[in-house]
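Biologist: I'd like to learn how to read a protein model. Could you walk me through some features?

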Amino acid sequence: MRFTKTALALYGATFLSIASLSAPAFSQTDSVTIALRVSVNTLDPHMSASVGSDLSVISHIYPALVLRGPDLKLKGDVAKSWKMVDANTWRFELVEGAHFADGEKIDAAAVKWNIDRVLDKSVGARIAGWFSLVSSANVINPTTLEVKTSSAYPAFADQLSMFFLLPPEWAKTHKPATETMSGGPYMIKENVPGDHITLVQNPDYWGQKPAFKTVNFRIIPESAARTAALEAGEVDLITGVPTTEIKAINADGRAKADAIPSIRTMLGKFNFEKKPFDNLKFRQAINYAVDKDGIVASIFDGKATVSDCQLLTPAYFGYNPDLKAYPYDPDKAVKLLKESGVDLKQQIEIEIPTASYLQGEEVTQVIASQLQEVGLNVKITEIDFGAFMNKQLKERNLAQIAVQGLAWPTIDADGMLTMFAPGNVYDYWHNDEFGKLLDKGRASTDPEERKKIYAEATKLQCDQAGALFLYAQPSTYGISKHITWQARGDDWVRAVDMKPAD
């Protein structure tokens, strides 16, 4: 693996700066404190798809039809059972007696109202795309709901694990973005935006009583500050721990840290709308020019996994086990660049949103240095995550290469691959053949047929070098000795998954 001195220095260094830690402290036996890496932007469950922040907090306050447990399997919440009645119909049987803290019922009518709200274009729900195939929600009786879809939607139940329910009557006179009415195990006691959110048990919760009386979410963006808070006993759980800090945390002895595989794939997203990324040999050259194995070994201490030339990790339904990563071959990259006919003097911009992905800035420096070694003129642009998303989705002006991580908590190819389907707001590839394959996969209810279709789709994206396929980002964490928690690789951070240590 060949690196510039600058790149080597970047991932060999340790940066320490302690941020102000001002959130209140609680008894360890009665409470748990979780550090979040980013602020909570909204409390409206229909206006966010951010699992690691907004939805993780919201999941303590509002109920869902189904949830995904720490074992990544679906389990019932308001729904006690669910099934596909036919290719275009899902039926949900609901528990009896569920209600919000103000007494409003959580019944089939309430669920229908929530689905209708998301489908209402005037609402502008951020998650409306999840329900694009939903034609209607129909109340059969107070505890039975049927959802009709325009075509088969086999991953619908999985998608609902991210869909939380507001109280309809309350929502008519309140602002769900900043106000809440609990129907879940916890309710908000205090919300200081950008600093902390304190939750206390909902005394009227209809479900199983949670383990902790109080849950405090603290916003600590800087990695070193999160580690310092953990080691000082001020927080019980941190995520996004640089792999270089895992050994140090364990050696300190006051907490423990580790990493598990995640469902988030890191890639260099190509902007096909900007030249020279319409050139296949140029895109293939980039994939050969980057040493993915070296990045995993040197930056992540071997705790990441090189992507097998696809967006999916082995955890996803539809993962293609027959694909292999582009090997590191800078000589072949140089040869392909010459054959491409591209003017190598033109500048290639690589964009990386700051403080968003585990050691993402270091990875980007290495990618840039290795592309420069094969003759490219590379410029790195670091950008705030919010501005990055605005450029990507609203301005449609993504850089030629954007280093970013993608995950889809349904853990199904139907969600993950759709972000590269023609017409999707995230798509910069515009490959009609790929889109047709995804439509075909979505229309089938036969799991084996779907696997074959997604195998075709992933092979097409690999052969066409539809992105710079990098690695599956490890899910790293540090945990105090006061709690037990089953680590999970899908970004959810829930106190209801935790218990006090014996």
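Predicted model: local features only at pLDDT ≥ 70, side-chain atom pairs only at ≥ 80, totals over all residues.

Biologist: At what angle do the axes of H14 and H15 cross?

Modeller: Axes are lines fitted to C-alpha atoms, for helices over the stretch in contact, with angles from 0 to 180 degrees between N-to-C directions. Helices are DSSP runs (H or I, at least four residues), and strands are too (E, at least two), numbered from the N terminus. Here, helix H14 (residues 432-443) and helix H15 (residues 447-463) have axes that cross at roughly 165 degrees and come within 9 Å. So H14 is roughly antiparallel to H15 (that label needs an angle over 145 degrees).

Biologist: Which residues in H14 and H15 meet?

Modeller: Contact means heavy atoms within 4.5 Å. Among those that meet are Phe434, Leu437 and Leu438 in H14, and Ile453, Tyr454 and Leu460 in H15.

Biologist: And the backbone: where is there a cis peptide bond?

Modeller: Most peptide bonds are trans, and most residues other than glycine have a negative phi. In this model, a cis bond joins Lys275 and Pro276, with omega about 10 degrees. Pro276 sits in the loop between strand S12 (255-270) and helix H8 (280-289).

Biologist: What is phi of Gln359?

Modeller: Phi there is near 55 degrees, a positive value in a non-glycine residue. Gln359 lies in the loop between strand S14 (347-353) and helix H11 (360-373).

Definitions and conventions
Residues numbered from 1 in each chain as written. Heavy atoms only, no water. Parallel < 35°, antiparallel > 145°, perpendicular 65-115°, else oblique.
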